[in-house]
Amino acid sequence: MTCHEVGCDRIGAMLLREVAYARPATVEEAVSLLSEHDGARALAGGQTLVNVMKQRAASPDVLVDLAKLDELKTISVSGTTLEIGAMATLTSIIGSAEVEVSRPILAEVAATVADVQVRNRGTLGGNVCLNDPTNHFPPLLVALGATMTIRSSQGERSVPADEFFIGVFETAVREGDLLTRISIPAAGKGTGDGMAGVTLGAHGTYVANAAASVTNGAWRVALGCVAAVPVRASAVEEALGADVDDASVRAAVAGLGATLDPPFDVHASADYRRSLAETSVVRAVLQAAERAER
Amino acid sequence: MSTTPITSQVVTVTVNGERIEKDVPARRLLVHFLRDDLDLTGTHVGCDTGSCGACTVHLDGVPVKSCAVLAVQADGATITTVEGLAGDELTPLQRSFHEHHALQCGYCTPGMLMSASALLAENPSPSEEEVKVALQGNICRCTGYWNIVDAVVAVGKGGAA
Amino acid sequence: MTAVETTETTTLQRGFVGQSVPRREDRRLVQGEGQFFDDVKRHGMGYLHFVRSPYPHARIESIDVSAALELPGVYGTLTGDEVAILTDPFFQIAADPGGQVRDYALAVGKVRYIGEAVAAVVAETRELARDAAELVVVEYEPLEVVVDARKALEEGAPVLHEECGGNMSYTGVWEWGDVDAAFAEADHVVKISELHFDRFNSTPLELDGGLVEYNRGTGQWTITTNNQFPGFAVIMMAPAMRVGTDKLRIVTQDIGGGFGNKITSHPQLVACCLLARKLNRPIQWTEWRTDFHQSMSHGNERWFLETEVAVKADGTMTAFRTKAIDDAGAYLRYEPLGGVIWSQVAPGMYGWRNIRVEFTQAMTNKAPVSPNRGYSRMQHLWFTERIADIVAQELGFDRVELRKKNYVQPGQMPYETPNGCVYDSGDYPKALETVLELIGYDTIEERREEAASRGKLLGFGIGSTLDSGTNNFGQSQLLNPDLQFSGNNEVATVKLDIFGEIVVTLGTTPQGQGHETTAAQVVADILNCDVDLVHVRVGHDSYWNSHAGFSGTYASQFAVTGLGAVKGATEDLANQMKTLASMVFQCPVEAIELADGFARIADNPDAALPFMALGAIPNANNAGFPSDPPPMNARFVYRPAFQVPDKEKKFGNLTLTYAMQIHACVVEVDPETGVYELVDYAAVDDCGTRVNPKIVEGQVMGATAHAIGAAMFESFAYDEEGNLLTPNFYDYHVPHTLDMPPLKTAATESPSPFTPLGTKGMGEGGGGGIHCICAALQDALRASGGGIVTESHNPYHRVWEMLREPERSRGKVQVTGR
């Protein structure tokens, strides 16, 4: 799924360093293992972590396998909030009736991540905790105004998506912490969501993306791929009104690229990414607007 | 009573219907466990980033890339590899691959068969698009995929409307 | 003028040949029972991991393996210092200065590309070998890096191989006809300052590797591997290791794709051999994907600079001249053969009679280049297609009509090109018509309008390409007159075993081309028996004595050389069988026919000997014959009739056959993002007589997929510091199922007059896809700035740049006229 972490151009690959492994039966046990052992890391689906460990780009000393923690895999609606367990696989999100009814964009986007094998193992929690700038869910969850619940030996805390993503592969989940669930407001009338971008081949890695969400004329727009963390396009959000069309959206987005400092790599120059970012925002916004009207 | 992390353990797995117990280091990948420890060499390694799907097996009934799973994670699980598909006869899927020239060098074929058989188990008459989505995680460099997709669609007798 | 020999094509009973007989290889492969080298295990084997350089160019100050050796489970190590003592440098194909390159199994003294192997560690498990490799301490003194072949040729560039005095490995002027006169008489001259064919390869899914055993008693190595050109491998390995070639037994069974990229694994195999001997245990080495991307078989990257095309008012292209700069990477493993192989198709499919190419090859701090599907012809054919397309567009000619007019015409076949190559057969205009029909050419403008209504730029492109097959290795002498290589060969044996079983061995190393199946088809037709009775042994084994110096599977030739050998051996066996039957029945040989598994008297079918009886007689029951009963065992070496080319004039027949493919595609470009999609695709191929049409079509499809990948996604991109930016499948995206366009294919058959079966080698024609995608993009861009496609590799960002700054690419083209 993602191997952009710290130089996959390393020499030598494919086999993990020695590591210790535990598969706790309860969340409490998982949390104490994570806090007791220095260099312990949660192992969710492993689609990124195992591959990163193969490259030896990261080598935790202890892997705490969350596979037995069924309470982290549930998807439910509680009032007007969709609660997705951190260990819910992308496949389960795609097939979930609750997601379909409450916030279908999550299933739509999940269905474009990599491939079936990865989706069968990959989890929503893993996707957000990694915080690879090209990942699908960080910008989407910021646009949806999600809230992350983190458990530690000190108890539980909630972190809004806007504050969850902190830096290069860094989130509010620190050593000893465990992300347990992601809460997303259920979409009501007047809410529309959109996500657009350019990938390297069908269902490939994003080169640029943007997620947009509108509720009764109030916009949230987040960009991925242009910085270490999702970037809220606040100026664009303010310029967008309740009624949007192609021309007004383009006017609102004009100049966005110049405010960004995106990386350049083999797939895109900084200028190209700026341009793609603007186009992605326009398309995500138009998609969200169209859906809000349904 | 807290679990103590271990650097190796005995894993118990059911592979192709057979119950197996083996001591493995925690760091061993499932694909190497299958190939090197169990001599099931039908599952192949084609890359080192979890990208190619040549290592695809069924883990508790769903297709996964066995290079992105540790053997210890499979403790207690049921695994099917390509060797476990055919009985005395080739399956209709294997025969369809043969009839449609859906393999040339055969290296991606086990992975393709595992992904396709998983699809057919839950969707017996997939459309061309559904087949492509199901095989999106399996790279082939010989066939260009067209014959492979045809072979899978043919098993489902032409797919849903 | 080269003498052209026309061989009578045997009238084979078209029984199995010509039918899409389902492959016998499939049964084991669909059950996961194929045997790829990594599936093979030996007791006590040690796993090898190479320590590789993180620097693209550096002096090796020291290597300390002591910490690695202390790790429990480590069996031993090997370093460049040992290699330099135990072996001689590999033979170099190049004349000086390239001939001075010193290439060994491990880096000696210097590293010259990122990922170059500097040491090897062997341990009890794969993981331990990997751990131990990390403990090897190598001290490097980094040196200045050069990654651009053009810069590598400049004064003052960092030099990779000091012994060569510079980075140039080969340079030569290739000129035929009267180029200056043609330009003087031209009505138009189209100048293109720069065209660039990018670096990529076919990334076969199985990686390189070997399991190497050493027999101390006999000094014999057994190398179970997937090297696809054992003939070349032992010619390289044996002298370096100071042993006879028979000491290197090469065994292959199933190979997971080759495409030319498994030809130059001999350095790694030598390291394995040395370690097998040193450590007295079998050595298991499997390359990692990242290793392959960093160090193995990149395709030739080529610049075409200062190109000029002479054109008459009616659109006839009469001459071209260009300066080609080829980037060989850090070592010359199969190079500089790329410097001559392009000339097999010097005029492409067109009737140019006046050609000048100044060809220079340079070494750079990048992975060594080696054959990649379409090797060196693809680069040149892309060049000829680009210039045809650009000429048509800039001078206002219809690109279909321009091609038809300039193509070599069917009436001219066999056609001798300006440099003495002979295009054996083919009807290019007809194939072009066929592909246009397949893709619905007459609806293109309508589709263009419809796409425009959706905001998309539609483009249509044609890519014509030749697949020259069965090399005359004498062409190597055009690069280095001292080489003692010429001609070509392949071997097969066919016998009847004691119980009448027909057993065939080949010298080839198939990687999915269906050799077992197609060989059986040919044998069955000659012996007039059921194809299922013919048993073809799997893979290659030098112990079978069924190979010769050029044995292997590469360069589009099996249908000619391999099947030619099979045909020859089977005809020999058939004669032996009839002779034996005539001895038994005491009748003339002519009276005997082979039918239904018997040798029988044609007029009296009851007088019949089953194959089993024929097999038993010489093997177990041979008394009572006045003269020796034939042994029911035949070995045949197929040799195509080649001359050594004229080295002065660089003139002569360099390949026996010319298969052809014409591709056409429709793209839709998103003008805002440069993202484009292939919405329609068609390919027509002609490889002469098709032994197994479905297998042929499979090759066309696979080559098309490779071309799509190369055009849209795949590039071995390096930064200025020599770092490979696409070292694995994460950044080096290859096409997956959802990336493939709808595809229609068709075939025409123009049998070759020069081959035993009328077949032509095929499988490498996919360059056609790169050509047509470039042409389609350029067509799409006409509606938005008219950018000119000058790169073979056009990822989205490049298309976006051409849309944004069309003047940049347009500025590379200049038209002058009377």
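Mentor: A residue is called buried when its relative accessible area is under 20%, with a 1.4 Å probe and protein chains only. Y423(C) has 0% relative accessibility and therefore counts as buried, and Y658(C), at 0% relative accessibility, counts as buried too. Please keep in mind that this is a predicted model, and that the values below are computed from it.

The rings of Y423(C) and Y658(C) have their centres 4.4 Å apart, with their planes at 45 degrees, so this pair is classed as tilted. Because Y423(C) belongs to strand β17 (residues 422-423) of chain C and Y658(C) to strand β27 (residues 655-669) of chain C, the pair ties together parts that are 235 residues apart in sequence.

Over all chains, the structure holds 34 aromatic pairs. One of them joins F320(C) and W352(C), whose ring centres are 4.8 Å apart and whose planes stand at 80 degrees, so that this pair is edge-to-face; planes over 60 degrees apart are what that class requires. F320(C) sits in strand β14 (residues 317-327) of chain C, while W352(C) sits in the loop between α10 (338-341) and β15 (354-362) of chain C, so here the parts tied together are 32 residues apart in sequence. F320(C) and W352(C) are both buried. Chain C also has an aromatic cluster, formed by F229(C), F232(C), Y334(C), Y375(C), F473(C), F550(C) and Y554(C).

Turning to the contact between chains, chain B contributes 50 residues and chain C contributes 57 residues. The size of an interface is often expressed as the accessible area lost when the parts come together. For chain B and chain C, the area buried between them is about 4600 Å², and 57% of it lies on carbon and sulfur atoms. Between these chains there are seven salt bridges, including one in which the side chains of D36(B) and R126(C) meet at 2.9 Å, N to O. On the side of chain B that touches chain C, at least two residues come from each of α1 (30-37), α2 (92-99), α3 (109-122), α4 (128-135) and α5 (146-155) of chain B. By residue class, that side of chain B divides into 21 nonpolar, 18 polar and 11 charged residues. Across the interface of chain B and chain C, 26 residue pairs are in polar contact, with both residues at pLDDT 80 or more.

Definitions and conventions: Residues numbered from 1 in each chain as written. Chains lettered and ligands numbered in written order. Predicted model: local features only at pLDDT ≥ 70, side-chain atom pairs only at ≥ 80, totals over all residues. Heavy atoms only, no water. Contact = heavy atoms within 4.5 Å. Buried area = accessible area lost by both parts, 1.4 Å probe. Salt bridge = Lys/Arg side-chain N within 4 Å of Asp/Glu carboxyl O. Polar contact = N/O pair within 3.5 Å; in protein donor to acceptor, adjacent residues only side chain to side chain. Helix = DSSP H or I, 4+ residues; strand = E, 2+ residues; numbered from the N terminus. Nonpolar A, V, L, I, M, F, W, Y, C, P; charged D, E, K, R; others polar. Phe/Tyr/Trp six-rings, centres within 6.5 Å; stacked < 30°, edge-to-face > 60°. Buried < 20%, exposed > 50% of the residue type's maximum accessible area, 1.4 Å probe, protein only.
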